[in-house]
Amino acid sequence: MILLCLILIPLIAGALAWAAARWSLSACRWIALLAVAADFVLTLVLWGSHSPAGLGTWLAEADWEWIPQVGIRFHLALDGLSLLLLMLTFFLGALSVLASWREITEGVGFFHFNLLWILAGIAGVFLAVNLFLFYFAWELMLAPMYFLIAIWGHENRVYAAVKFFIFTQLSGLLMLVAILALVFVHHRATGVYSFEYQDLLGTTMPPGAEMWMMLGFFIAFAVKLPAIVLHTWLPDAHTEAPTAGSVILAGLLLKTGAYGMLRFVLPLFPHAAASFAPIAMALGVAGILYGALLAFGQTDLKRLVAYTSVSHLGFVLLGIFVWNPLALQGAVMTMICHGISTGALFILVGALQDRIHTREMDRMGGIWSTAPRLSGAALFFALASLGLPGLGDFVGEFLVLLGAYRQSIVLATLAAIGVLFATFYALQFVQRAFQGPNTLNWRIPDLVPREGLVMALMIIALLWLGLYPRPVLDTFEPVMARIEQMAPGR
Amino acid sequence: MLPLLWLVPAIPFAGALTLAVLGPRMREKAAAVIGTGSIAVSAVISLFIAAAFLTAPPAAGAYTQTLWTWIDVGSFRPAIAFYLDALSLVMMTVVTFVSFLIHVYSAEFMRGDEGYSRFFAYMNLFVASMVTLLLADNLLLLYLGWEGVGLCSYLLIGFWYQDPANGLAGRKAFIVTRIGDTAMAVGLFLLFHNLGTLRIQDLMHAAQSQWPVGSAYAIAAAALLLGGAVGKSAQLPLQTWLPDAMAGPTPTSALIHAATMVTAGVYLIARTHVLFALAPPVQFAVAVVGAATLLMAGFSAATQNDIKRVLAYSTISQIGYMFLALGVGAWSAAIFHFMTHAFFKALLFLAAGIVIEALHHEHNIFRMGGLRNELPVAFWTFLIGGCALAGLPLITAGYYSKDLILWSAANSTAGGMGLWAAGMAGVVLTSLYTFRLIFLVFFGRLETAVSHRPGLAMTVPACVLAFLSIVGGFGKLPFEALLATALPQFREAGGGMSEALASAAAGLAFLAGLLAAWYAYLQNPSLARSAAANPAGRLLHRFWFSDWGMDWLYDRVFIRPVVWAASANKADVIDSIYDGLAGAAALCYRLLSATETGKLRWYAAWIAGGSVVTLAIVMWL
Amino acid sequence: MFPIREGFLLSGVLFTLGVIGVLVRRNLLFVLMSIEVMLNAAGLAFVAAGARWGQPDGQVVFLFILAMAAAEVSVGLALVLELYHQYKSLDTDAISRMRG
């Protein structure tokens, strides 16, 4: 029941907030904030109440019939991995409501409606264990996000929104085809139609078909992730989206891709995934290096941060397909920390754009002297992004690299060079935007208490993840262990 | 006392945190008290710990303190744990104590700067990272401190951020050292993959028992760690960042050169000496790198005209001596030289800072002169520091440590006369450029008027360090006895040079350099100028002045291609695939819509033609 | 035996003439007339085929075609009149408003 609440609260609160906006804008904002915060508290309660031994199985489950004739059920379930990602979802969700408190002044009601419905969709993605329901939630994320970009975005918003929609929709259709194919293959083998995750695990299938179906899933998730070659929607969407949109895109939507790989691609198609792994790992490493190089070349702050996502998610892809405990845990750790550090960077860039009305680094410089707290926070998150030990991102990336070294020394070395590349863009970011002479004589207000609170929470979270990540690692460790055992030949 | 060990890094860290959070609203005095006070407490604690360690050595000569398990994934369980043995004890004590003196000095030096509290926050973080690095029980924690000092050097070198040149120097320091760090990280992967742990002591035991001498794994691991060490310690070929690091405030330079950062590489090699002993080719490479670096940096130092850059090259050169010692297996000699170097190099920078501040931030030594009587404290302390650096026989600390290294190089099984000769030439060079500096700055005519005289907070630390630069050398024997519990003894090859002969040679080399400097810069100043004026001399001068052209080379070979590639591909070439797809779709749309002319008869013709073709296909195919 | 071959040939020739008429004439009235010719050509084919196999279906269909042609002509002529009122012309190329 509590799982259903996690999805229903944002859905209902979204409608309420839209309605409330007619009378009072602040009521609308407070409804949204309280709803997401309530969800966050719920996940915290779930996290606090689980028993360490039970982490390997479902911690909570909810199951109703939907279309029983073809095995479609409304089936939600929660394990350590989805629990942590849900916590991240509502943490970032609450912060992005706070971050758009002043930024959004038009269509406030509809904005919060969309925001909350995206969060509901993401929660659905992390919870669904029926493939039909999963696909439903997967598509539920899209439309509100399209509106978020197309209505409240910046100059080139319609182009970006359409590009985002086409990329994700087309790849989603591939996944739908793969889901249906999988269901039919399963029907042929057992005589039962079922979309249930548990039923479909371990379906016997011909190798060729397995590879095609795996690719259907893989491409859908690789677009979201994004893997290199399929990544070009991301810089446009991130750059044009409003702050909350960028935070949710980078922090959460990308994670649904990685989550899908972990939850579906590896367990459902272990053999195909294993034989595809070298290509996927190479894609990951290429993404790390290429994304970092592109980030280094950008002059638009938001675009720069967007390309860093390509680079960091390359580590996630690498870690997932290296497929050993170290790398898998590192990949999940990177997902969580990247959500926080990149989300924070987007919030900061949004705050800066709000103040000086530009994202061009050529028109910045010397911001430090007028807004030291904002600049200091930017420095902190830039350092997290370049993988400074002691902050969360380092733990994830180091574990991925350590695991990858077992699989391939060359790839691990190249990926380590990617960490070096991160130094280039992160320092460039700090230097050109915040340091140097203040030639344009910017005089801007520093972080206000609301923004300061957001930043402080994120800084504390990253330090905690960097210095004492064990509680988090322990939460998803059993899930990763199970995924690891599914690797063929183990 | 020993259980207080964790406080040594924790207090500076807490100080940095306090200053970072509350700093902007803090008055200068409060910031100075917190910044300096935290290091003072840390230094006092480490002195007490040293006393406790010496009076009652822990079992097996080492004390381990585990705070918590950092990461726990399968067999990978690095902890936040500190390991104290004679090696880390010496390093920790010297680092905290010298850092404390530098902090006291900066409390006055930085007065009136708008980033006063920020400066102390960075400095405290710097010390905290360095102490973490020294005390780390596993290589991952060491890596944390390692990156931490890299970060702090970046922050402090670019401290005056409004000048883009400072930012560039800071980034250069961070990136160049991080190139080495990348190699080191790969080394950590290798060690963990093959030996299954990152705890340093376990690693050393495992390596010793599993890898034979000269095994490929040991060579690869040692070479990768060496990569990290040359980056941090500014040795060939990654030394280019250190001279530019002079962009930071002078106390920063003192901290980087004397106590923190550059000696980290020396420490890493000493800490993992087992690996290097298992990889003789790499250990020999360490010695060669050291010898080559000390010579190159010596030539460069003799041509600089910025007082701080001369000192920077002298640091590179002196670290070269430490590498030379490590390479020939004279482990404790290297650490001994680290200690004396920490004293006299901090002293030299502090004295140079007094001079620079007295002359309106003038850095050019040719616009200085005659300051002997104007700034007596600076003169005498600088003279003592300079003598220690050049190795004035029998009196100064630098002489004892350097002499030990030279003798070891000559008598080691791994070394030889070539390395010894390089070291000897280095002594002549060191003495030459040191006294060139002293003669130009403190003797001769008064060139620039003195505008500012140092207060007590600046002179007292300099005097304390001057005292240590002299007496530090007398503790050679107890020092070696102490280090023998942590580091292997130097293995002497038979039939080498006698100690007396080596000492005499070093003394003569010192004298030769001194006389040359005296002749060329004091007695007959036109000589140096005319030497630099003829074409060959000018070319050589420019070559040495620009650090043997290595900056130029790196700029052309690495930096420009990367920057070019990044800016050329700003719009992401992969996106053009999708732009192409979209363009093709748009083209099809335009072609099809062009057929819709509105001409009825054309439509009819299309219908008729289409029917005919369809019929034809149906009938004949 | 009814000469089906000649009947179909005639029908084909008439149909082709009709098509050519639609394609080359610009006057809407002539286009309508050409369509009539094509319809009748099809009708002729039906009648011929009906006679050949002795079945009434061909003639039945021809009746349908006649009815349909009458309806078509009445609607067509009405449209033509309306067009002429609006454009004062019956040139199909001149009144091409259905451009994409």
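Modeller: I will take chain C, where 14% of the 100 residues count as buried. A residue is called buried if 20 or more other C-beta atoms lie within 10 Å of its own, exposed if 12 or fewer do, and partly exposed in between, with C-beta atoms placed from the backbone. This is a predicted model, in which local features need pLDDT of at least 70 and side-chain atom pairs count only at pLDDT 80 or more, while totals for chains, interfaces and linings use all residues. Residues are numbered from 1 along each chain as its sequence is written, and chains are lettered from A and ligands numbered from 1 in the order in which they are written.

The secondary structure of chain C consists of three helices and zero strands, in the order α-α-α from the N terminus. Helices (H or I, at least four residues) and strands (E, at least two) are DSSP runs, numbered from the N terminus. The C-alpha trace of chain C spans about 55 × 25 × 25 Å along its principal axes. Its radius of gyration is 17 Å, whereas a compact globule of 100 residues would have one near 13 Å. That radius is taken over C-alpha atoms, and the globule rule is 2.2 Å times the number of residues to the power 0.38. Of the contacts in chain C with a separation of 6 or more, 49% are between residues 24 or more positions apart. Two residues are in contact if their C-beta atoms, placed from the backbone, lie within 7 Å.

Next, the neighbours. Chain C does not touch chain A, and the nearest C-alpha atoms of the two are 24 Å apart. Two pairs of chains touch, and the pair with the most contacts is A and B. In that pair, 40 residues of chain A are in contact with 37 residues of chain B. On the chain A side, at least two residues each come from α11 (270–297), α13 (325–356), α15 (372–385), α16 (392–407), α17 (409–434) and α19 (470–485). The largest share, 10 residues, is from α17(A). Sorted by class, this side of chain A has 27 nonpolar, 11 polar and two charged residues. Here Ala, Val, Leu, Ile, Met, Phe, Trp, Tyr, Cys and Pro count as nonpolar, Asp, Glu, Lys and Arg as charged, and the others, Gly among them, as polar.

The nonpolar cores come next. A nonpolar core is a set of buried Ala, Val, Leu, Ile, Met, Phe, Trp, Tyr and Cys residues joined through C-beta atoms within 7 Å. The largest has 442 residues, and those with the most contacts inside it are V265(A), L348(A), V98(B), L324(B), A334(B), A346(B) and V355(B). Helix α15 (residues 331–358) of chain B gives the most to this core, 21 residues. A second, separate core has five residues, among them V19(C), V22(C), L28(C) and V31(C).

The expected span of a helix is 1.5 Å times one less than its number of residues. Since 23 of the 24 residues of α3(B) are buried, this helix is largely enclosed by the rest of the structure. Helix α14 (residues 307–327) of chain B has 21 residues and reaches 30 Å from its first C-alpha to its last, close to the 30 Å expected at 1.5 Å a residue. In α14(B), 21 of the 21 residues are buried, so this helix too is largely enclosed by the rest of the structure. Just after α14(B), G329(B) takes a positive phi of about 85 degrees. A334(B), already named in the largest core, touches V266(B), A270(B), M322(B), A325(B) and L326(B), leaving aside residues up to four places away in sequence.

Last, the domains, whose bounds come from an automatic or database domain assignment. Chain A is divided into domain 1 (1–268) and domain 2 (284–490), with C-alpha centres 22 Å apart. Their contact takes 37 residues from domain 1 of chain A and 37 residues from domain 2 of chain A. In chain B the assignment gives domain 1 (279–533) and domain 2 (571–620), and their C-alpha centres lie 82 Å apart.
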